Amino acid sequence: EEVVGRKHFAPIFGVDADGKNPKVLIDGPDLVGTVLSPSGVSLDRPRFSTVAGFPPGDRNHLLVQAVGAEFAMSVPETPGSARTGGKFLPPLPIPVILPTTLFSVDVSTGKKTSLGDEFIVGPVGYDRQGRSRISYAKQRLVLDRPFALLGRTPLKFNESWLGSLAGHFTITPKNYFNERAYPLGFDVDPDILYVASNVGRDTFGIYALNLKTKQRTALALENPHLDLAPLEPTYPAPQLIFDEHRGQLAGVRSPGPQPVSVWSDAELAASQQAVEQKFPQRAVEILEWSDTRDAFLIRVSGGTEPGRYFVWRKAENLPLEIFRSAPWLKAADLHPTEFFEFETPEGVHLSGYLTTPRTPRLSPPPAVMCFANGFPATAHAEFDREAQVLASMGLVVIRLNHRGVQGFGRSHREGILPAIDRIPVDDAISALNWIATRHPIDRKRIATLGSGFGGYLAVRAVQLHPETFRCAVSFNAPLDPGAWVRPEVTTDEGIPVNFPQAVNRAFLQRGLTNLAALSVFDRPSTSPVFLVVDPTGDAAIDAANQRLRRKLGADADYVEVNGDFAAELPAARARVYTRLDEFFNLNLYNYRVRIGESKEVK
């Protein structure tokens, strides 16, 4: 990785099929744009890159986007006016836009050719000929984020021929978690536009529009239980799977908790079923295939599988492993992980992953309930390094996709709204009840753990149910719910311009709005809490954690981290988890060793 500004960029490499002749196609300096500060000083600002794919029929040139960005740069205080009583105005943010550059990279020589810069606010979507066709106005200081089509085929997304989709192609705080639609990308045929939509549905499906004939095509890829597209669009869309040889869309890959491919190509759907039989109880992804479809590149992952890659030859029905992620992790040394799902007595469908220790320290072993991070939360991944570390401490690790987790449709996501703190905790107790009838766990030794919003839930759980949860572990948790929706900046009309906060506000106001009643400072419990905080990060999060630390006193264990921990550097991680192991030994295991009367041994 190369450090550009304060961010890390991994170069894009090209390599021959036999693993020889590696070369750097795009590196850090290609991803820097220069802007002028208000004082006229040139500043280098980092950009991120995305691979836009190959032009149709050309496998020798890779299209790579160096995506521009909008930066808010402050100008000094300025004298006021009669309107402000002559007072100086505070520093004002001035948006500065970096261009988005499209490169054509020769995969044999690594030679880069710029195809031009475009000063468009927000991400740009290109068609498969390399022409900019989609703009997503994702401005930091503006709440509404509309989509527009660029180029020779003008289209207004409120036209009547779009039917139920008309008028749903602008993302706002009010519809962010509601019904809406957005363009994903183009087919090899530049007149076919694929869109994601949950209008009239619970989950996001993917549909095709013919911009030339103004008709919706027959393509409709849907899953009643999983979203086939994420809430936030990215370009190019990783969900679309193309057959480069036949020049057509072959299927869609879901971004959910487990890789799920929905194939529109019947032959590839049959190949998917055949190769899955070779790897039961694991997730199998078809990544690439030969032009004749007799050889496939597949990735296999699972609870004890960080990721292995195979070439599967269809005729011989034989997978040949070619390389693996983290080869130093041996399956025999990892703790087994299994996927679980069940219906609660109230009819709520819940799922997650259960990791059991190979060598528990007690029988039955204690457990740690891990809440999902984010608001709404991101579903847990099947393989998780932290779960393996916790299992090494002798704990049964439960990673629950409680209500409020995205990827399972709108009703599951919005199920958290009546009580954003109690509902995930209720789901955690339901999961404990269900698991305890199938796996041995010590119900008197249950800890909670989470990062971000999941960390808030971990602390809140020991407050709401101290009889169930014995201690809590929290990583950089926003413990003051009021700060989630309190705007930092407003316009002259008082409109908040912090989009994430405006989204949270609109979401929360549809449910429980008395955020003060959800604070962990309202009658805090005396259960032991382990707080991990980066004081150089969010000031509000740091202040709230310091406040809780003072309230809990001796019942709070506190560890300060920095960017090394977030970057997952081994030394920083080892220091924190060593302290965490000590915390569990003192507050979860609590062996209660009693020293009897001394006796002389002769």
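**Working through an open sheet**

Val533 stands opposite Glu560 in E35. This is a predicted model, where local features need pLDDT of at least 70 and side-chain atom pairs count only at pLDDT 80 or more, while totals for chains, interfaces and linings use all residues. Residues are numbered from 1 along each chain as its sequence is written, and side-chain values use heavy atoms, leaving out hydrogens and water.

**Exercise 1.** Work out how strand E34 pairs with E35, and which helices pack on the sheet.

*Solution.*
- Start with E34, residues 529-533: its pairing with E35 is parallel and runs over five bridges. (Two strands pair if DSSP finds at least two bridges between them; helices, H or I of at least four residues, and strands, E of at least two, are DSSP runs numbered from the N terminus.)
- Next, take helix H4 (residues 422-436), which packs on the sheet and touches E28, E29, E30, E31 and E32. (Contact means heavy atoms within 4.5 Å.)
- The direction of H4 makes about 110 degrees with that of E28. (Axes are lines fitted to C-alpha atoms, for helices over the stretch in contact, and angles run from 0 to 180 degrees between N-to-C directions.)
- Then go to helix H8 (residues 539-552): it touches E33, E34 and E35, at about 150 degrees to the direction of E34.

**Exercise 2.** Find the strand order of the sheet and its edge strands.

*Solution.*
- Trace the eight strands in the order E28-E29-E31-E30-E32-E33-E34-E35; the sheet is open and the pairing mixed.
- The edges are E28 (337-343) and E35 (556-560), each pairing on one side only.
- From one strand to the next, the twist averages 20 degrees.

**Exercise 3.** Locate the largest nonpolar core and the residues with the most contacts inside it.

*Solution.*
- The core has 95 residues, and Tyr194, Ile398 and Phe469 have the most contacts inside it. (A nonpolar core is a set of buried Ala, Val, Leu, Ile, Met, Phe, Trp, Tyr and Cys residues joined through side-chain atoms within 4.5 Å; buried means under 20% relative accessible area, exposed over 50%, partly exposed in between, with a 1.4 Å probe and protein chains only.)
- Helix H5 (residues 453-464) gives this core the most, with eight residues.
- Zoom in on Phe469: leaving aside residues up to four places away in sequence, its contacts include Val425, Ile429, Leu432 and Ile446.
- Finally, there's a second, separate core of 26 residues, with Leu395, Ala447, Phe475 and Val559 among them.
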